[in-house]
Amino acid sequence: MLTGLSKATRSSRTALATGAASAVKFLVAALAFAAAYAGLTAYGAASSAPLPAPAPARAVTLPARTVPATVPATVPAAVPGEVTVTALDSAPDCLKTFLARTVIVNPDPDEAVSYRWRLARWNPGTNTWGTYLVHYSGFAGAEESAAWDPAVSDNPGWYRVELKAEGREAIRSDRFQVSC
């Protein structure tokens, strides 16, 4: 079919055919990418659909709960307005880890709530609780099962965990002792 054409014409037609094939491949790849992007965009939009209205918020009581110095190995259920502290496994080099838990109820579920965990250590010289560790967090919604796992390393003494939610009084665990 190309027998009567010059060598230059045949090269031009070959280059044109190769270029057209590359353009078709590029077009197919671009359409596949666009389809994948549209699918991800639709997936993201579907997961950000508004949630149904939450149940009315309950009132929060803020009493402190007594935590014994020797904490059982089982983890108690988190309760609104109470901070429970459970001792977790300890490392051989006097590293003690604890699990502090509570439930924070948000009186306005449409707004976010910021809160702060504080591990306080008793200073017998000044008779005051000083900050040992702090952790900040927050959530949006009706309530949050909040948990924090602070660790104490080579620092025996009396400690307590405090939780301060935005706009509320702090709630505290009773003191517990860390000894090596």
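A residue counts as buried when its relative accessible area is under 20%. By that cut-off, 8 of the 11 residues of strand β2 (residues 95–105) are buried, so β2 is largely enclosed by the rest of the structure. The model is predicted.

**Strand β2 and its partners**

Strand β1 (residues 84–91) pairs with β2 in the antiparallel sense. Here serine 90 stands opposite lysine 96 of β2. The two strands form a hairpin, with 3 residues between them. Cysteine 94 sits in the turn and has a positive phi of about 65 degrees. In β6, serine 153 is the bridge partner of leucine 95.

**Strand β7 and its partners**

Strand β7 (residues 157–165) is mostly covered, with 7 of its 9 residues buried. Strand β3 (residues 112–123) pairs with β7 over 7 bridges. Tryptophan 117 stands opposite leucine 163 in β7. Leucine 163 also has a bridge partner in β8, isoleucine 171. β7 and β8 form a hairpin with 5 residues between the strands. In that hairpin, glycine 167 takes a positive phi near 80 degrees. In β9, valine 178 is the bridge partner of glycine 157.

**Antiparallel pairings**

| Strands | Bridges |
|---|---|
| β1 and β2 | 6 bridges |
| β2 and β5 (residues 143–148) | 6 bridges |
| β2 and β6 (residues 151–153) | 3 bridges |
| β3 and β7 | 7 bridges |
| β7 and β8 (residues 171–172) | 2 bridges |
| β7 and β9 (residues 176–178) | 3 bridges |

Methods:
Residues are numbered from 1 along each chain as its sequence is written. This is a predicted model: local features need pLDDT of at least 70, side-chain atom pairs count only at pLDDT 80 or more; totals for chains, interfaces and linings use all residues. Side-chain values use heavy atoms; hydrogens and water are left out. Buried means under 20% relative accessible area, exposed over 50%, partly exposed in between (1.4 Å probe, protein chains only). Helices (H or I, at least four residues) and strands (E, at least two) are DSSP runs, numbered from the N terminus. Two strands pair if DSSP finds at least two bridges between them.
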